Amino acid sequence: MIGNLLRKYLLKLKHPTAKCSKSAVINNVDFGEYTQVTSNASLSNTKLGDYSSVGRNTTINHADIGKFCSISWNVTIGATSHPDNHITTHAFPYISQFGMVKKNKKIKVKTIVGNDVWIGTNVVIMPGISIGNGAIIGAGSIVTKNVPDYAVVVGVPAKITRYRFTSQEINILSKLEWWNWPRERIKNNIELFKIPITESLLKKLKDIS
């Protein structure tokens, strides 16, 4: 408990703009600017990109989360996996608490979440999965395969139902990488982020990039 409080104190010193609930548990987390972690969330060995938010009761393990991601409540990213090609799926060959080995040797596989990704409530993303920029993960989905940029996936297991934009629009947005723009550039053009994508809008975005 003291360690968690100390980590939050150090977080406040390093990133004054980041907000982390008192009930959240953090361990080895690299917070970006203007990030937000709400109540009872648990993050470990994770990088949380600028402006990304994490909902209540969400668990994130061994993950790189991009910028401007909206992660809802009760989400699990980097769910614990067990080997299915060994004699047993049990953890006793790796975890010392069962008395079979002296040291813990957990299986750690990094999960990647791109920028501007929206993850709905009660989603589970398995370890080692890569979620593309601009993707949407529908509520209740279990993601077992990589998700392309700007795809909308839903279901158990999650499948692509559509893409948010045409391939040409996705290509333009991917090259713009607006999530890497300076904060002032985004603020000065904030109205462009409040309207649907059109050919005219994409041209304006390219002009100011």
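Two strands are said to pair if DSSP finds at least two bridges between them. Strands (E, at least two residues) and helices (H or I, at least four) are DSSP runs, numbered from the N terminus. The structure described here is a predicted model, in which local features need pLDDT of at least 70, side-chain atom pairs count only at pLDDT 80 or more, and totals for chains, interfaces and linings use all residues. Residues are numbered from 1 along each chain as its sequence is written, and side-chain values use heavy atoms, with hydrogens and water left out.

**The open sheet**

Eight strands make up an open sheet of mixed pairing, in the order β1-β3-β5-β7-β10-β13-β15-β16. The edges are held by β1 (19–20) and β16, each of which has a single partner strand, so one side of each is left without a neighbour in the sheet. Strand β15 (residues 151–154) pairs with β16 in the antiparallel sense over four bridges, and Val154 stands opposite Lys159 in β16. The hairpin of β15 and β16 has four residues between the strands, and Gly155 there takes a positive phi near 110 degrees. Strand β13 (residues 136–137) runs parallel to β15 and is joined to β15 by two bridges; the bridge partner of Ile136 in β15 is Val152.

**Parallel pairs around β4**

Strand β2 (residues 25–31) and β4 run parallel and are joined by six bridges. In this pairing, Ile26 has Leu43 of β4 as its bridge partner. Six bridges also join β4 to β6, again in parallel, with Leu48 opposite Ile65 in β6. In a regular strand the side chains alternate between the two faces of the sheet.

Contact means heavy atoms within 4.5 Å. Leaving aside neighbours within four places in sequence, Ser42 is in contact with Val25, Thr58, Thr59 and Ile60. The C-alpha atoms of Ser42 and Thr76, which lie 34 residues apart along the chain, are separated by 9.6 Å.

Thr58, not counting residues up to four places away in sequence, touches several residues, among them Asn40, Ala41, Ser42, Trp73 and Val75. The side chain of Thr58 also reaches the backbone oxygen of Gly55 at 3.4 Å. This is a polar contact, that is, a pair of N or O atoms within 3.5 Å; within protein, one must be able to donate a hydrogen and the other to accept it, and residues adjacent in sequence count only if both atoms are side-chain atoms.

**Helix α2**

Helix α2 (residues 167–176) has Glu169, Ile170, Ile172, Leu173 and Leu176 as its buried residues. These cover an arc of only 160 degrees around the axis, which puts them on the same side of α2; the arc is that of the directions from the helix axis to the C-beta atoms. An α-helix has 3.6 residues a turn, so residues three or four places apart point the same way. The buried residues of α2 pack against β16 (159–163) and α4 (199–208). On the face turned away from the buried side are the exposed residues Ser167, Gln168 and Lys175. Glu177 follows α2 and has a positive phi, near 45 degrees.

How values were computed: Buried means under 20% relative accessible area, exposed over 50%, partly exposed in between (1.4 Å probe, protein chains only).
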